[in-house]
Amino acid sequence: MPDKYLLDPSDIRVLRVLQRDASLSIADVAKEAGMSQTPCWRRIKRLKEQGIIKQITAIIDREAVGLGFVAYSFVKLVVPSRDNMETFDRLVHHWPEVVTCERITGAVDYLIKVVTDDIKTYDNFLRLKLLDNTLVSDVQSRIVVNTVKDTVALPLREN
């Protein structure tokens, strides 16, 4: 896949509509994007085939399902070697508590967003999964006290 696709203004309009509400019918997406249904459907199909639209999913209110605790953890590996990083990358895919994992630069190697029921469940994750791993030398956690903005929508701009 090329590093960057050139999106035309119609692509941007369709993507903005879908980011707002992907459950809309093709007719509604087309109407909001200012085009007819068939070209809209073809455009969405092409955007999926190109990998620009990765998936269509439901965004769940985490607190409504009892996941009221969020922490960001800065993770430092014992040795940040390629093998250790690849192993850690695979590990986080098996930890459902980790909803985001970013490899970063600086004094630590990773920033992970962890969502759990409560602080006790987070403590269990921290002790029994993260710190129990021989790859990890240090974890610094920041507990979220209030979420001001939480979106998955990208700031798409027309050229």
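Colleague: Are Phe88 and Tyr110 buried or exposed?

Modeller: This is a predicted model, in which local features need pLDDT of at least 70, side-chain atom pairs count only at pLDDT 80 or more, and totals for chains, interfaces and linings use all residues. Residues are numbered from 1 along each chain as its sequence is written, and side-chain values use heavy atoms, with hydrogens and water left out. Buried means under 20% relative accessible area, exposed over 50%, and partly exposed in between (1.4 Å probe, protein chains only). By that scale, both Phe88 and Tyr110 are buried.

Colleague: How many aromatic pairs are there?

Modeller: Rings of Phe, Tyr and Trp (its six-membered ring) pair if their centres lie within 6.5 Å; planes under 30 degrees apart count as stacked, over 60 as edge-to-face and the rest as tilted. By this rule, the count is five aromatic pairs.

Colleague: What kind of pair do Phe88 and Tyr110 form?

Modeller: Their ring centres are 4.4 Å apart and the planes stand at 45°. Phe88 lies in helix 4 (residues 82–92) and Tyr110 in strand 3, so the pair ties together parts that are 22 residues apart in sequence. Helices (H or I, at least four residues) and strands (E, at least two) are DSSP runs, numbered from the N terminus. The Phe88 and Tyr110 pair is tilted.

Colleague: Which residues do ring pairs link into a cluster?

Modeller: Phe88 also pairs with Trp95, edge-to-face, at 6.0 Å centre to centre and 80° between the planes. Both Phe88 and Trp95 are buried. The cluster linked by ring pairs consists of Phe69, Phe88, Trp95, Tyr110, Tyr122 and Phe125.

Colleague: How many disulfides does a search of the whole structure find?

Modeller: Cys40 is buried, with a relative accessible area of 0%, whereas Cys101 is partly exposed at 29%. A disulfide is a pair of cysteine sulfur atoms within 2.5 Å. The number of disulfides found in the whole structure is zero.

Colleague: Which element gives the most to the lining of the largest pocket?

Modeller: A pocket is an open set of points on a 1 Å grid over the protein atoms alone, where a 1.4 Å probe fits, with protein on both sides within 12 Å along at least five of seven lines; lining residues have an atom within 4 Å of a point. Among the 47 lining residues of the largest pocket, the closest to its centre are Thr57, Ile59, Thr151, Val152 and Ala153. With five residues, the element that gives the most is helix 1.
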